[in-house]
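Please view the sequence and the model first, then read the points below.

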Amino acid sequence: MRRRWLLTTATILGFIFLYAPIISLVIFSFNESRLVTVWGGFSTKWYGELFQNSQIIDAARLSLVIAALSASLALVLGTLAAVALTRFRRFRGRTLLTGMVTAPLVMPDVIIGLSMLLLFVAMQSMFGWPGGRGVLTIVLSHATLCMAFVTVVVQSRLADLDVALEEAAQDLGATPVRVFFDITLPIISPALVSGWLLAFTLSLDDLVIASFVSGPGSSTLPMVIFSKIRLGVSPDINALATIIIGVVALGVVIATLQMWRRPKT
Amino acid sequence: MSQAEATQTIKTRPWSLIARALGHVGVSGRTLVIAAPTLWLLIFFLIPFAVVAKIALSEITLASPPYLPILEWTADGRMIVTLNFGNFQFLLDDPLYISAYLSSIKIAAFSTLIALLIAYPMAYFIARSGERYRNILLMLVILPFWSSFLLRVYAWIGFLKSNGVINNFLMSTGIISDPLPMLQTDFAVYVGIVYTYLPFMILPLYTNLVKLDEALLEAAADLGARPMTTFFTVTLPLSLPGIIAGSMLVFIPAIGEFVIPALLGGPDTLMIGRVLWDEFFSNRDWPVASAVAIAMLIAVVLPIMFMRNVEANIAGDR
């Protein structure tokens, strides 16, 4: 009985540790005072200030575009890699592909960022492409990082999939391409959705790689936030954090409700 | 299938048209499926390391790009190769780099241990609670992960600084009279790393513990083992794969961490990711930054990848 009590306390303390900083951000985003930790009355003025800040709005828009493009590119590439690794037993370069697909998962961001930048600089001096750095180079780098995560997610779903379904379709005369689009794809679509969302979040959240491969005039939201935090206290960041947390919480709640509803119908 | 039906099928499925067109050129779908991701990763993942290695062996210069070429063709057709190992020599000679490596490993290892101590009871509790609550609790663990990493680190600045939430609370209750210096210390870096990577520790532990057969625990109890004995002789050894997986997920990203030491750590908090960043952005020394990356790859990343490989082989043998 005593052990149970200890376990419960440890868990509650753990959740307090996880949520106290987030909750305090939300509370202080409604603080009238400029001092982040002194309560000066309820106010929504930081939200107003946030929406006036064109630097943040532009960076947010740029980040969303980059995240959507990188996630889509990563989804296609990652799904192809997952299909190749789960469905084709033997092919030349299998070990190479396996290694290259898992390596980005353990590679520190700083190394990926630096190597990407040096590649782009070398490519530019050799072929004149990509000219300069910006959205294109960030998307290429993010897609490369994210495809590793997409591959892992899709691969585990493909491994669980009953191969008999695909074989049956093939026996009935469907081409491999048709089998993939008519049978495999609909079945693995939940994994594709979660893979895309994971890639989207990773890209949206990345500061380090984007800082290396971006050029002047293409600052993503994390880059703007990082420089604002370094300069000192800026209460409108609390408002931004609250909006992001709100959107994410809403999304997760909707996804969970959907998941609970599905088995019943 | 009649001609009309066949045309219909092709019309509604543009991909079969693409597949046919490629088939005419002699490229099979199989080759394409393998080649596309392989080529992409070769160009954008593997080759970049060759470029980094090349630049690590070149000399710094005041130009754009700020390094000298390794290969040079002279007017009379001779090729001159200049390899500069000075950058690596520099890393070995300056104690800053060695201590940055050691301190990164130390900080990452201790953070992993602390995260494990906090995560284990939470994962155990969630795994043992009713199915209804389990999903809600899991969702609560994952939720912070989906929100911005940078903003979660930022939240700790408000907690740890001298007029922050923790110091304000301690001073108003009279426990301390002067604010404790917490921000810009190694302590803050530990808190930041443990905090941001805690979900990565809880999830693999949970997946492992939820599979634990309750009958084993009952059997141990029936044989007269006390709860603590059962835990250390049954539960803990069985959850070892979860512990290893979770520790990897915390330790690996913590090693190369840049954001947390930059925002929460002090000027003397040394971490190798931060050293690389400063070498690149502040000193603009691309060759030395590249040498740091190569050294980090050899000293940290390759051993980890090798360990993972061995582990996967052991798991495969079972």
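Predicted model: local features only at pLDDT ≥ 70, side-chain atom pairs only at ≥ 80, totals over all residues.

Which residues line the largest cavity? The lining is made up of Leu25(A), Ala241(A), Ile244(A) and Ile245(A), together with Ser147(B), Ser148(B), Leu151(B) and Arg152(B).

**The cavity**

- The structure holds one cavity of 30 Å³ or more.
- The space in the largest cavity amounts to about 40 Å³.
- Helix H11 (236-264) of chain A and helix H7 (149-160) of chain B each supply at least two residues of its lining.
- H11(A) provides the largest share of that lining, namely three residues.
- By type, the lining of the largest cavity consists of five nonpolar residues, two polar residues and one charged residue.

**Chain A as a whole**

- Chain A contains 11 helices and zero strands.
- Along the sequence, its pattern reads α-α-α-α-α-α-α-α-α-α-α.
- Taken along the principal axes, the C-alpha atoms of chain A fill a box of roughly 70 × 65 × 35 Å.

**Packing between the chains: H3(A) and H3(B)**

- Two packed helices are described by the angle between their axes and by the distance between the axes.
- Helix H3 (residues 54-87) of chain A packs against helix H3 (residues 29-56) of chain B at an angle of about 120°, and their axes are 8 Å apart.
- H3(A) and H3(B) are therefore oblique to each other.
- The crossing in which H3(A) passes H3(B) is left-handed.
- On the side of H3(A), the contact is made by Leu73(A), Leu77(A), Leu80(A), Ala81(A), Val83(A) and Ala84(A); on the side of H3(B), by Val33(B), Ile34(B), Ala36(B), Pro37(B) and Trp40(B).
- The residues of this contact comprise 11 nonpolar, no polar and no charged.

**Packing within chain A: H3(A) and H4(A)**

- H3(A) also packs with helix H4 (residues 94-106) of chain A, at an angle of about 135° and with the axes 11 Å apart.
- H3(A) and H4(A) are therefore oblique to each other, and their crossing is left-handed.
- Ala81(A), Ala84(A) and Leu85(A) of H3(A) meet Arg94(A), Leu97(A), Thr98(A) and Val101(A) of H4(A).
- This contact of H3(A) with H4(A) involves five nonpolar residues, one polar residue and one charged residue.
- Ala81(A) and Ala84(A) take part in the contact with H3(B) and also in the contact with H4(A).

**Packing within chain B: H11(B) and H12(B)**

- The axes of helix H11 (residues 227-238) and helix H12 (residues 240-255) of chain B come within 4 Å and cross at roughly 50°.
- H11(B) is therefore oblique to H12(B).
- Leu236(B), Pro237(B) and Leu238(B) of H11(B) meet Leu240(B), Pro241(B) and Ile243(B) of H12(B).
- The residues of this contact are six nonpolar, no polar and no charged.

- Most residues other than glycine have a negative phi.
- Gln184(B), although not a glycine, has a positive phi of about 65°.
- Gln184(B) is found in the loop between helix H8 (165-172) and helix H9 (186-209) of chain B.
- Arg284(B), likewise not a glycine, has a positive phi of about 55°.
- The place of Arg284(B) is the loop between helix H14 (272-281) and helix H15 (286-317) of chain B.

Key: Residues numbered from 1 in each chain as written. Chains lettered and ligands numbered in written order. Heavy atoms only, no water. Axes fitted to C-alpha atoms, helices over the stretch in contact; angles between N-to-C directions. Parallel < 35°, antiparallel > 145°, perpendicular 65-115°, else oblique. Left-handed = near helix turned anticlockwise from the far one by under 90°. Contact = heavy atoms within 4.5 Å. Nonpolar A, V, L, I, M, F, W, Y, C, P; charged D, E, K, R; others polar. 1 Å grid on protein atoms, 1.4 Å probe; cavity = no way out; pocket = protein on both sides within 12 Å on 5 of 7 lines; lining within 4 Å. Points joined across faces, edges and corners; volume = space filled by probe spheres on them.
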